[in-house]
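Thanks for making the time, everyone.

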Amino acid sequence: MGQITLSQVTKRFGDVEVIPPLDLQIDDGEFVVFVGPSGCGKSTLLRLIAGLEDVTSGEIRIDGTEATDLPPARRRLAMVFQSYALYPHMSVRKNIAFPMKMAKVPEDEQNRRIEAAAKALNLGDYLDRKPGQLSGGQRQRVAIGRAIVREPAAFLFDEPLSNLDAALRVGMRLEISELHERLATTMIYVTHDQVEAMTMADKIVVLRAGHIEQVGSPLELYRAPRNLFVAGFIGSPRMNFIEGAEAGAHGAHTIGIRPEHIEVSDGPGRWQGRIAVSEHLGSDTFFHVHDTGLADVITVRASGEVGLRHGDTVALTPRADQIHRFGADGLRL
Amino acid sequence: MSTKASRAAARLMISPSVILLLGWMLIPLGMTLYFSVLRYNLLMPGDNPFVGFENYSYFLTDPGFTAAIWNTLALVLGVLVITIVGGILLALLLDQPMWGQGIVRILVIAPFFVMPTVSALVWKNMFLNPVNGLFAHLFKALGLTPYDFLAQAPLASIIGIVAWQWLPFATLILLTALQSLDSEQLEAAEMDGASPLSRFRFIMLPHLARAITVVILIQTIFLLSVFAEILVTTNGGPGYASTNLTYLIYVQSLLQYDVGMGSAGGVVAIILANIVAIFLMRMIGKNLET
Amino acid sequence: MSRAVKPQRKALNTVLAWGMGLLIFFPILWTVLTSFKTEAEAIADPPIWFNFSWTLENYFTVQERSNYFRHFWNSVVISVGSTLIGLIIAVPAAWAMAFVPGKRTKDVLMWMLSTKMLPPVGVLVPLYLIFRDLGLLDTRIGLVFVLTMINLPIIIWMLYTYFREIPVDILEAARMDGAGLRDEVVHVLLPMAVPGMASTVLLNIILAWNEAFWTLNLTAAKAAPLTAFIASYSSPEGLFYAKLSAASTMAIAPILIMGWFSQKQLVRGLTFGAVK
């Protein structure tokens, strides 16, 4: 079980309100990602759930039981920290055993769970090493192992991949997703990287300045962002925003169109522009188009290699069914 | 990271220290203040009448007091000057490439670990003694008359002994600070054509400022209370020639059993120490907060 | 110092530095040498350097005449005892200040350190009287108490600076893993802080071993540690240089050796972390 409910939760540090009143429901077995720019309060929110910080007001329930004032040790949650927070003086085995030792799990049961975790996470060869002798990815696995053996109600991840290099990050992302498939335990995952959010989440919570901007599945957020902030934050490269007459023509203050929803050609089209920079990724090519008279730069995507170069004049045609319309207040129309 | 529970735990965990230190400070302080306005001598039993500031006026007009103030100042400043100048020179020397640097460091730091009574007695007898001391032997070998250091120049001798004990401390700290100086800075200055002297003046000395401040602060705390060295060498004499404030109060309270007068002296010592402390803290504040 | 140095220059440095080092160390060396001489050799003019009949007799005499080991044991009990008790009181306080800092934490720390500024002589009279009335004069327990209080601010400060270098994440991880406060401190914080605690302990034993105001004023014979025992040699009878040297050598040797091992940590400890 791992159902977490936040009602009217707030957090202040002195006079600064970090989290204004907030409601959130996390269902059992869900993979929920808190995403937002740095300083948006996503880590604070995670720490409130963990019990590492007090809520200023409001209520947190875990599996229906009031947990607002429970110490972290008694919330049955496990956390994986950005720095991994392994105990440097203990071997990997002792690190993984620590939560069970605290819970007074019998020795043979401890060993059974350690072996199982070591096998699942490929840590068998490292059990007697100290964390200092491990690579970043291995440390990450130990931290996850330490979380798994507790058999917690929910896992909390605080930007767990941000200290890894790019290649490892992709691998660990998959491993964590697989872990979730296998355990089917609730996971709450904090990141500032929208790619991680999109690829891993069942449910994304987009935060800005402590406010929840939108909650939904990755595709809901992609297809129907509730406001300009979410529209700009979700999706890579970023959505193009166009104001003025062109927007007015669609009956909106601002229109948004994703780079992958614009056709680019050297023939006639709806808009004209000149290619300033082209980025060739092999599978895709991104063009940064200037002088369209719409916005400073319009980013478009073409699949594969296209024979267009810096300085070429191109025609752009947006797909009419993929235009997002926003009002003057920034909300979706 | 703080929750109500952890803050409560923190208060609980810090309270033994706070309560003990508060008691340690306030109870004797209160008693000193109280005794200082009584006529209270352990040799004269009976009631201890309130006498107002009588003890203070006796203490402050005592010829020993003025002498003790000057001696205390001379002792603190004398030792500070010797140890800081000597410490900088020694640190510069030890920072140079050489063979056996580790052993030299061990030799230089050793006096700091010698207890005050040992160093005072060793110096007094085996070096400064006018008949059997090594210096007397040396003087005679050079055809000079042996000099009775502790009788002729008691304060200077004590300054010398105390400086010997503290020179290692200053050297070690200044050396550590010097070694943390980025050698690229010095090389850059050398490329810019700075002479060794101006490299010292404009790069090393500013870099050492913080360490020097720390040395001054810590040594001053200890030097204001020099006691054992005086007790075992000169007993403060001849006359008051080597009596510092600490020793004067000790004589009045524990040798003459004058609790009232000793307490008044104690209060004066506390006030003076606070003046010095405020002065030091100002200086430190400027140098340490960066 | 990556630059190559001319060997002549290095040789000159070596000679100068060794000269200064030996000069500074000489009184200690001389004391140790003298402790192995006879009394007559000890005051010989011209002085005898190494060419004397080495003897351990002075050491035996010191022990027989004045029960040296009792005073040695007093020193051990007082310095180790006060340090350990101080540590027990200081660990929780340092934990609180390092990991649950509040607005006033810095002020509390500064206040604790400022108690070191209080001149001992300012509270000599009341403390002496309290000790007399409680029967604590010339007892080891009394001295342990006083030295604990004197060194407590230093212990707290040192532990505080060491604790602050431990990432708070790791303590939070322990909390998430189900550790209570006691488990967090005992199983996680203290094992990680072992190097820092070791240097704290060393430095405080050294300071307490050499403390020579309270030990001289609050003891007479029974509980006198080595500082006070050595001071009793200040009114000599007859020839005593060799015996003084033997007693002195025994009094400073343990601390000298400890000090040499801990000189690196010493800088940091003594400067409250201001110089590293």
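Let me begin with strand β14 of chain A, residues 271–280, which runs antiparallel to strand β15 of chain A, residues 284–290, and is joined to it by six bridges. Within that pairing, R274(A) has H290(A) of β15(A) as its bridge partner. Please keep in mind throughout that this is a predicted model.

Stepping back, these strands belong to an open sheet of five in chain A, with antiparallel pairing and the order β13-β17-β14-β15-β16. At its edges are β13, residues 262–265, and β16, residues 298–303, of chain A, each of which pairs on one side only. From one strand to the next, the twist averages 45 degrees.

Now to chain C, where the axes of helix α5, residues 105–114, and helix α7, residues 140–163, come within 8 Å and cross at roughly 140 degrees, the crossing being left-handed. On the α5(C) side the contact is made by L109(C), M112(C) and L113(C), and on the α7(C) side by P153(C), I156(C), W157(C) and Y160(C).

The unreviewed UniProt entry annotates several spans of chain C as "transmembrane region", among them residues 108–131 and 143–163. In the model, residues 108–131 of chain C are 62% helix and 0% strand, with end C-alpha atoms 28 Å apart, whereas residues 143–163 of chain C are 100% helix and 0% strand, with end C-alpha atoms 29 Å apart.

Conventions
Residues are numbered from 1 along each chain as its sequence is written. Chains are lettered from A and ligands numbered from 1 in the order in which they are written. This is a predicted model: local features need pLDDT of at least 70, side-chain atom pairs count only at pLDDT 80 or more; totals for chains, interfaces and linings use all residues. Axes are lines fitted to C-alpha atoms, for helices over the stretch in contact, and angles run from 0 to 180 degrees between N-to-C directions. Helices (H or I, at least four residues) and strands (E, at least two) are DSSP runs, numbered from the N terminus. A crossing is left-handed if the near helix is turned anticlockwise from the far one by less than a right angle, and right-handed if clockwise. Two residues are in contact if their C-beta atoms, placed from the backbone, lie within 7 Å. UniProt positions are given in the numbering used here, feature names are shortened, and annotations may be inferred rather than shown by experiment. Two strands pair if DSSP finds at least two bridges between them.
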